[in-house]
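Please walk me through this structure in the viewer, one selection at a time. I would like to know what to pick next and what is there.

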Amino acid sequence: MALHVSSAPPISAFHHLLCFFFHDTYPEMEYASSLQRQLASMKKNLFDQGYLDEQFYQLEELQDESSPNFVEEVVTLFFRDSSRLVANIDQALQKYPQDFRRLDNIMHQLKGSASSIGAAKMKNECTSFREFCNKENREGCLRSFQKVKKEHAVLKQKLENYFQLLRQDGPVDKATRSGN
Amino acid sequence: MSMEEVEEAREEGSHGSMFEGGVEVRVLVVDDSPVDRRVVEGLLKRSGAMFQVIAVDSGKRAMEVLGLTEGKEAEQPTVDDPKIDIILTDYCMPEMTGYDLLKAVKEQSSQKPIPVIIMSSENEPQRISRCRAIGAEDYLLKPLQTNDVLRLRDYVRPTALSPKTGTKRKIAIEMMAENSGSERRPCLAGLAVA
(Lines give C-alpha, C1' and ligand atoms only; values in the text may rest on other atoms or scores of the structure.)
Protein backbone atom coordinates (compact mmCIF):
# COMPACT_ATOMS: atom_id res chain seq x y z
CA MET A 1 0.00 0.00 0.00
CA ALA A 2 1.51 3.31 -1.05
CA LEU A 3 0.95 6.38 1.02
CA HIS A 4 1.02 9.60 -0.92
CA VAL A 5 2.00 12.32 1.49
CA SER A 6 2.16 15.81 0.12
CA SER A 7 5.35 17.58 1.17
CA ALA A 8 4.21 20.91 -0.13
CA PRO A 9 3.35 23.60 2.47
CA PRO A 10 -0.29 24.73 2.76
CA ILE A 11 0.18 27.56 0.23
CA SER A 12 -3.44 27.89 -0.74
CA ALA A 13 -4.60 28.68 2.79
CA PHE A 14 -1.85 31.24 3.27
CA HIS A 15 -2.64 32.74 -0.09
CA HIS A 16 -6.25 33.29 0.87
CA LEU A 17 -5.08 35.04 4.02
CA LEU A 18 -2.88 37.37 1.97
CA CYS A 19 -5.74 38.18 -0.36
CA PHE A 20 -7.86 39.05 2.62
CA PHE A 21 -5.38 41.74 3.69
CA PHE A 22 -4.42 43.07 0.31
CA HIS A 23 -7.91 43.43 -1.03
CA ASP A 24 -8.62 46.14 1.54
CA THR A 25 -11.61 44.69 3.26
CA TYR A 26 -11.36 47.44 5.90
CA PRO A 27 -13.77 50.23 4.83
CA GLU A 28 -11.37 53.19 5.26
CA MET A 29 -8.65 51.46 3.31
CA GLU A 30 -11.17 50.52 0.68
CA TYR A 31 -12.25 54.13 0.30
CA ALA A 32 -8.68 55.41 0.18
CA SER A 33 -7.60 52.93 -2.40
CA SER A 34 -10.73 53.50 -4.49
CA LEU A 35 -9.93 57.22 -4.43
CA GLN A 36 -6.40 56.51 -5.51
CA ARG A 37 -7.67 54.30 -8.31
CA GLN A 38 -9.93 57.12 -9.46
CA LEU A 39 -7.06 59.59 -9.33
CA ALA A 40 -4.75 57.28 -11.21
CA SER A 41 -7.41 56.69 -13.82
CA MET A 42 -8.13 60.41 -14.17
CA LYS A 43 -4.51 61.19 -14.58
CA LYS A 44 -4.00 58.40 -17.09
CA ASN A 45 -6.89 59.74 -19.18
CA LEU A 46 -5.47 63.25 -19.12
CA PHE A 47 -2.25 61.92 -20.58
CA ASP A 48 -3.74 59.34 -22.94
CA GLN A 49 -6.14 61.88 -24.40
CA GLY A 50 -3.31 64.34 -24.92
CA TYR A 51 -4.43 67.04 -22.53
CA LEU A 52 -1.18 66.80 -20.60
CA ASP A 53 2.38 65.92 -21.54
CA GLU A 54 5.55 64.98 -19.64
CA GLN A 55 6.11 68.56 -18.52
CA PHE A 56 3.32 67.94 -15.98
CA TYR A 57 5.44 65.11 -14.51
CA GLN A 58 8.26 67.63 -14.19
CA LEU A 59 6.02 69.81 -12.01
CA GLU A 60 5.13 66.83 -9.84
CA GLU A 61 8.84 66.13 -9.38
CA LEU A 62 9.21 69.62 -7.92
CA GLN A 63 6.57 69.01 -5.26
CA ASP A 64 7.91 68.03 -1.83
CA GLU A 65 7.45 68.71 1.89
CA SER A 66 8.64 72.29 1.53
CA SER A 67 6.29 72.88 -1.43
CA PRO A 68 3.48 70.39 -0.82
CA ASN A 69 0.98 72.05 -3.18
CA PHE A 70 3.38 73.14 -5.85
CA VAL A 71 1.52 71.61 -8.78
CA GLU A 72 -1.85 73.01 -7.84
CA GLU A 73 -0.22 76.37 -7.12
CA VAL A 74 1.37 76.54 -10.57
CA VAL A 75 -1.80 75.36 -12.30
CA THR A 76 -3.81 78.00 -10.44
CA LEU A 77 -1.30 80.66 -11.50
CA PHE A 78 -1.65 79.41 -15.05
CA PHE A 79 -5.42 79.69 -15.20
CA ARG A 80 -5.37 83.12 -13.64
CA ASP A 81 -2.83 84.29 -16.19
CA SER A 82 -4.32 82.46 -19.16
CA SER A 83 -7.82 83.80 -18.48
CA ARG A 84 -6.43 87.29 -18.65
CA LEU A 85 -4.57 86.56 -21.89
CA VAL A 86 -7.63 84.91 -23.47
CA ALA A 87 -9.70 88.00 -22.61
CA ASN A 88 -7.03 90.22 -24.17
CA ILE A 89 -7.07 88.22 -27.38
CA ASP A 90 -10.86 88.34 -27.45
CA GLN A 91 -10.71 92.11 -27.23
CA ALA A 92 -7.93 92.41 -29.78
CA LEU A 93 -9.88 90.29 -32.28
CA GLN A 94 -12.77 92.78 -32.16
CA LYS A 95 -10.56 95.55 -33.47
CA TYR A 96 -10.29 96.78 -37.06
CA PRO A 97 -7.86 96.71 -38.68
CA GLN A 98 -6.47 93.59 -37.10
CA ASP A 99 -3.18 94.01 -35.26
CA PHE A 100 -1.76 90.58 -36.05
CA ARG A 101 1.56 91.37 -34.46
CA ARG A 102 -0.09 92.14 -31.16
CA LEU A 103 -2.29 89.06 -31.41
CA ASP A 104 0.74 86.92 -32.06
CA ASN A 105 2.53 88.48 -29.14
CA ILE A 106 -0.25 87.68 -26.67
CA MET A 107 -0.67 84.18 -28.06
CA HIS A 108 3.08 83.64 -27.72
CA GLN A 109 2.72 84.35 -24.01
CA LEU A 110 -0.24 82.02 -23.69
CA LYS A 111 1.56 79.27 -25.52
CA GLY A 112 4.61 79.67 -23.30
CA SER A 113 2.61 79.31 -20.11
CA ALA A 114 0.68 76.35 -21.49
CA SER A 115 3.95 74.71 -22.36
CA SER A 116 5.29 75.28 -18.86
CA ILE A 117 2.51 73.29 -17.24
CA GLY A 118 2.40 70.58 -19.88
CA ALA A 119 -0.95 71.65 -21.37
CA ALA A 120 -0.32 69.88 -24.67
CA LYS A 121 -3.63 70.35 -26.49
CA MET A 122 -3.76 74.01 -25.59
CA LYS A 123 -0.20 74.49 -26.73
CA ASN A 124 -1.02 72.95 -30.11
CA GLU A 125 -4.06 75.14 -30.64
CA CYS A 126 -1.96 78.19 -29.76
CA THR A 127 0.54 77.16 -32.41
CA SER A 128 -2.25 76.90 -35.00
CA PHE A 129 -3.50 80.33 -34.10
CA ARG A 130 -0.04 81.83 -34.52
CA GLU A 131 0.24 80.26 -37.95
CA PHE A 132 -2.98 82.01 -38.99
CA CYS A 133 -1.61 85.23 -37.52
CA ASN A 134 1.54 84.96 -39.56
CA LYS A 135 -0.56 84.60 -42.70
CA GLU A 136 -2.77 87.46 -41.51
CA ASN A 137 -5.77 85.20 -41.94
CA ARG A 138 -8.48 86.69 -39.75
CA GLU A 139 -11.05 83.97 -40.35
CA GLY A 140 -8.48 81.36 -39.50
CA CYS A 141 -7.58 83.22 -36.33
CA LEU A 142 -11.21 83.41 -35.26
CA ARG A 143 -11.82 79.69 -35.83
CA SER A 144 -8.59 78.73 -34.17
CA PHE A 145 -9.28 80.95 -31.21
CA GLN A 146 -12.59 79.18 -30.59
CA LYS A 147 -10.59 75.97 -30.28
CA VAL A 148 -8.09 77.60 -27.93
CA LYS A 149 -10.92 78.76 -25.69
CA LYS A 150 -12.55 75.34 -25.77
CA GLU A 151 -9.34 73.53 -24.83
CA HIS A 152 -8.74 76.09 -22.11
CA ALA A 153 -12.20 75.53 -20.60
CA VAL A 154 -12.02 71.75 -20.83
CA LEU A 155 -8.58 71.56 -19.26
CA LYS A 156 -9.64 73.91 -16.49
CA GLN A 157 -12.61 71.70 -15.62
CA LYS A 158 -10.63 68.50 -15.75
CA LEU A 159 -7.82 69.82 -13.60
CA GLU A 160 -10.26 71.31 -11.11
CA ASN A 161 -11.86 67.88 -10.74
CA TYR A 162 -8.47 66.27 -10.44
CA PHE A 163 -7.24 68.57 -7.69
CA GLN A 164 -10.52 68.36 -5.83
CA LEU A 165 -10.14 64.60 -5.72
CA LEU A 166 -6.47 64.91 -4.82
CA ARG A 167 -7.36 67.05 -1.83
CA GLN A 168 -9.81 64.42 -0.63
CA ASP A 169 -7.08 61.84 -0.88
CA GLY A 170 -5.07 63.83 1.62
CA PRO A 171 -1.38 63.53 2.42
CA VAL A 172 -1.65 59.85 3.42
CA ASP A 173 -0.24 57.98 0.51
CA LYS A 174 0.64 59.61 -2.77
CA ALA A 175 0.20 56.63 -5.03
CA THR A 176 -0.24 59.02 -7.94
CA ARG A 177 3.42 59.84 -8.37
CA SER A 178 4.71 60.39 -11.84
CA GLY A 179 6.29 57.75 -13.96
CA ASN A 180 3.83 55.04 -12.95
CA MET B 1 23.55 62.82 -10.63
CA SER B 2 20.12 61.37 -9.92
CA MET B 3 17.57 63.41 -8.02
CA GLU B 4 17.99 61.08 -5.06
CA GLU B 5 21.72 61.70 -4.89
CA VAL B 6 21.24 65.42 -5.20
CA GLU B 7 18.67 65.29 -2.43
CA GLU B 8 21.17 63.49 -0.18
CA ALA B 9 23.79 66.10 -0.89
CA ARG B 10 21.37 68.81 0.10
CA GLU B 11 20.39 67.10 3.32
CA GLU B 12 24.02 66.62 4.23
CA GLY B 13 24.32 70.36 4.26
CA SER B 14 27.72 71.80 3.57
CA HIS B 15 29.55 68.69 4.69
CA GLY B 16 30.90 66.41 2.03
CA SER B 17 28.35 67.49 -0.57
CA MET B 18 29.12 67.86 -4.24
CA PHE B 19 28.82 71.61 -3.85
CA GLU B 20 31.88 72.51 -1.82
CA GLY B 21 31.86 75.73 0.10
CA GLY B 22 28.25 75.20 1.19
CA VAL B 23 27.41 78.67 -0.03
CA GLU B 24 24.13 79.65 -1.56
CA VAL B 25 24.27 80.97 -5.10
CA ARG B 26 22.07 84.05 -5.50
CA VAL B 27 20.10 83.83 -8.71
CA LEU B 28 18.14 86.71 -10.15
CA VAL B 29 15.30 85.28 -12.23
CA VAL B 30 13.78 87.72 -14.70
CA ASP B 31 10.56 86.70 -16.47
CA ASP B 32 7.31 88.49 -17.21
CA SER B 33 5.36 85.22 -16.96
CA PRO B 34 4.21 84.49 -13.40
CA VAL B 35 3.88 80.79 -14.27
CA ASP B 36 7.43 80.55 -15.55
CA ARG B 37 8.83 82.51 -12.62
CA ARG B 38 7.25 80.05 -10.21
CA VAL B 39 8.34 76.98 -12.14
CA VAL B 40 11.94 78.16 -12.46
CA GLU B 41 11.99 79.07 -8.79
CA GLY B 42 10.71 75.58 -7.98
CA LEU B 43 13.38 74.02 -10.18
CA LEU B 44 16.14 76.04 -8.57
CA LYS B 45 15.03 75.30 -5.03
CA ARG B 46 14.40 71.62 -5.64
CA SER B 47 17.68 71.03 -7.43
CA GLY B 48 19.52 70.63 -4.17
CA ALA B 49 22.23 72.94 -5.41
CA MET B 50 21.62 75.65 -2.80
CA PHE B 51 20.20 78.48 -4.81
CA GLN B 52 18.77 81.58 -3.28
CA VAL B 53 16.17 82.93 -5.67
CA ILE B 54 15.14 86.52 -6.30
CA ALA B 55 12.45 86.70 -8.97
CA VAL B 56 11.35 89.86 -10.79
CA ASP B 57 8.87 90.45 -13.58
CA SER B 58 10.79 92.89 -15.80
CA GLY B 59 14.17 94.02 -17.03
CA LYS B 60 13.57 97.36 -15.38
CA ARG B 61 13.10 95.76 -11.96
CA ALA B 62 16.14 93.60 -12.58
CA MET B 63 18.21 96.72 -13.17
CA GLU B 64 16.96 98.14 -9.88
CA VAL B 65 17.92 94.99 -8.01
CA LEU B 66 21.34 95.06 -9.64
CA GLY B 67 21.86 98.68 -8.72
CA LEU B 68 22.15 99.67 -12.36
CA THR B 69 20.15 102.30 -14.13
CA GLU B 70 19.68 102.15 -17.88
CA GLY B 71 22.07 104.39 -19.76
CA LYS B 72 24.07 105.26 -16.70
CA GLU B 73 27.27 103.71 -15.44
CA ALA B 74 26.97 102.10 -12.04
CA GLU B 75 28.56 104.39 -9.53
CA GLN B 76 27.14 102.87 -6.42
CA PRO B 77 29.47 100.81 -4.23
CA THR B 78 27.04 97.91 -4.72
CA VAL B 79 28.67 97.13 -8.05
CA ASP B 80 31.46 95.23 -6.31
CA ASP B 81 29.02 93.38 -4.11
CA PRO B 82 26.15 92.95 -6.50
CA LYS B 83 24.13 90.71 -4.21
CA ILE B 84 23.51 88.58 -7.30
CA ASP B 85 25.81 85.81 -8.49
CA ILE B 86 24.01 84.89 -11.67
CA ILE B 87 21.18 86.22 -13.81
CA LEU B 88 18.66 83.93 -15.48
CA THR B 89 16.50 85.96 -17.82
CA ASP B 90 13.71 85.34 -20.29
CA TYR B 91 14.39 86.69 -23.77
CA CYS B 92 10.92 87.88 -24.80
CA MET B 93 9.74 90.54 -22.41
CA PRO B 94 7.90 93.79 -23.06
CA GLU B 95 9.81 97.11 -22.96
CA MET B 96 13.19 95.75 -21.93
CA THR B 97 13.99 92.41 -23.49
CA GLY B 98 16.39 89.84 -22.08
CA TYR B 99 18.82 90.91 -24.77
CA ASP B 100 18.64 94.54 -23.59
CA LEU B 101 19.24 93.41 -20.02
CA LEU B 102 22.13 91.20 -21.07
CA LYS B 103 23.69 94.11 -22.92
CA ALA B 104 23.27 96.47 -19.97
CA VAL B 105 24.84 93.99 -17.56
CA LYS B 106 27.81 93.21 -19.79
CA GLU B 107 28.44 96.85 -20.59
CA GLN B 108 28.72 98.01 -17.04
CA SER B 109 32.15 99.21 -16.11
CA SER B 110 32.94 96.56 -13.52
CA GLN B 111 35.68 94.16 -14.62
CA LYS B 112 33.61 91.23 -13.57
CA PRO B 113 30.16 91.45 -15.08
CA ILE B 114 27.68 88.98 -13.66
CA PRO B 115 27.07 85.78 -15.68
CA VAL B 116 23.86 86.00 -17.68
CA ILE B 117 21.91 83.02 -18.97
CA ILE B 118 19.10 83.56 -21.46
CA MET B 119 15.91 81.47 -21.42
CA SER B 120 13.67 81.23 -24.43
CA SER B 121 10.96 79.08 -25.94
CA GLU B 122 12.43 79.74 -29.39
CA ASN B 123 15.31 77.72 -30.74
CA GLU B 124 16.55 80.35 -33.14
CA PRO B 125 20.23 80.04 -34.10
CA GLN B 126 20.51 83.72 -35.00
CA ARG B 127 19.08 84.78 -31.68
CA ILE B 128 21.40 82.41 -29.86
CA SER B 129 24.51 83.75 -31.61
CA ARG B 130 23.46 87.34 -31.01
CA CYS B 131 23.23 86.65 -27.31
CA ARG B 132 26.49 84.75 -27.13
CA ALA B 133 28.24 87.44 -29.17
CA ILE B 134 27.63 90.01 -26.46
CA GLY B 135 28.64 87.67 -23.68
CA ALA B 136 25.70 85.49 -22.62
CA GLU B 137 27.12 82.48 -20.83
CA ASP B 138 24.41 80.18 -22.06
CA TYR B 139 21.03 79.99 -23.78
CA LEU B 140 18.47 77.59 -22.37
CA LEU B 141 15.29 76.37 -24.01
CA LYS B 142 12.03 76.53 -22.12
CA PRO B 143 10.62 74.72 -20.36
CA LEU B 144 13.75 74.36 -18.28
CA GLN B 145 14.79 70.97 -16.93
CA THR B 146 16.67 70.01 -13.80
CA ASN B 147 19.86 69.43 -15.81
CA ASP B 148 19.78 73.00 -17.11
CA VAL B 149 19.53 74.36 -13.62
CA LEU B 150 22.30 72.19 -12.18
CA ARG B 151 24.68 73.61 -14.76
CA LEU B 152 24.15 77.14 -13.54
CA ARG B 153 26.61 76.74 -10.72
CA ASP B 154 29.33 76.14 -13.28
CA TYR B 155 28.97 79.72 -14.44
CA VAL B 156 29.39 81.32 -11.05
CA ARG B 157 32.71 83.07 -10.57
CA PRO B 158 35.12 81.87 -7.84
CA THR B 159 35.04 85.10 -5.86
CA ALA B 160 31.27 84.86 -5.63
CA LEU B 161 31.64 81.61 -3.75
CA SER B 162 33.33 83.26 -0.76
CA PRO B 163 32.15 80.90 1.94
CA LYS B 164 31.44 81.46 5.59
CA THR B 165 33.87 78.72 6.59
CA GLY B 166 37.47 79.43 5.61
CA THR B 167 38.63 75.86 5.01
CA LYS B 168 36.27 75.12 2.14
CA ARG B 169 37.19 78.20 0.11
CA LYS B 170 40.27 76.76 -1.58
CA ILE B 171 38.39 73.74 -2.80
CA ALA B 172 35.62 75.87 -4.29
CA ILE B 173 38.09 78.08 -6.16
CA GLU B 174 40.03 75.13 -7.49
CA MET B 175 36.86 73.57 -8.80
CA MET B 176 35.88 76.78 -10.52
CA ALA B 177 39.31 77.22 -12.08
CA GLU B 178 39.02 73.77 -13.61
CA ASN B 179 35.63 74.47 -15.15
CA SER B 180 36.02 78.04 -16.31
CA GLY B 181 38.00 77.23 -19.44
CA SER B 182 35.76 74.47 -20.76
CA GLU B 183 33.54 74.78 -23.81
CA ARG B 184 29.81 74.96 -23.26
CA ARG B 185 27.50 73.28 -25.69
CA PRO B 186 24.48 75.43 -26.62
CA CYS B 187 21.27 74.02 -25.24
CA LEU B 188 19.24 72.74 -28.18
CA ALA B 189 15.52 72.25 -28.48
CA GLY B 190 14.07 69.13 -26.97
CA LEU B 191 17.40 67.46 -26.32
CA ALA B 192 18.12 66.29 -22.81
CA VAL B 193 21.56 67.59 -21.93
CA ALA B 194 23.23 64.59 -20.34
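Start with chain B of this predicted model, coloured by secondary structure: along the sequence, the pattern reads α-β-α-β-α-β-α-β-α-β-α-α. That gives 7 helices and 5 strands. Chain B has 194 residues, and 48% of them count as buried. Among its contacts with a separation of 6 or more, 69% join residues 24 or more positions apart. Show the surface next: the accessible area of chain B is about 9800 Å², with 50% belonging to carbon and sulfur atoms.

Now select helix H3 of chain B, residues 59-66. B:Gly59, B:Ala62, B:Met63 and B:Leu66 are buried there. These residues lie on the same side of H3(B) because they cover an arc of only 100° around the axis. Turn to the other side of H3(B) to find B:Lys60 and B:Glu64, which are exposed. Just after H3(B), stop at B:Gly67, where phi is positive, about 75°.

Next, show both chains and go to the largest nonpolar core, which has 63 residues. A:Phe56, A:Ile89, A:Leu110, A:Leu159, B:Leu44, B:Phe51 and B:Leu88 touch the most other members. Helix H4 of chain A (residues 70-94) supplies the largest share of this core, 12 residues. Apart from this core lies another, of 25 residues, including B:Val30, B:Met63, B:Tyr99 and B:Ile128.

Finish at A:Phe56. Beyond its neighbours within four places in sequence, A:Phe56 is in contact with A:Phe47, A:Val71, A:Val75, A:Ile117, A:Gly118, A:Leu159, A:Tyr162 and A:Phe163.

Conventions: Residues are numbered from 1 along each chain as its sequence is written. Chains are lettered from A and ligands numbered from 1 in the order in which they are written. This is a predicted model: local features need pLDDT of at least 70, side-chain atom pairs count only at pLDDT 80 or more; totals for chains, interfaces and linings use all residues. Side-chain values use heavy atoms; hydrogens and water are left out. A nonpolar core is a set of buried Ala, Val, Leu, Ile, Met, Phe, Trp, Tyr and Cys residues joined through side-chain atoms within 4.5 Å. Buried means under 20% relative accessible area, exposed over 50%, partly exposed in between (1.4 Å probe, protein chains only). Helices (H or I, at least four residues) and strands (E, at least two) are DSSP runs, numbered from the N terminus. Contact means heavy atoms within 4.5 Å. The arc is that of the directions from the helix axis to the C-beta atoms. Accessible areas come from the Shrake-Rupley method with a 1.4 Å probe; for residues, only the protein chains shown count as cover.
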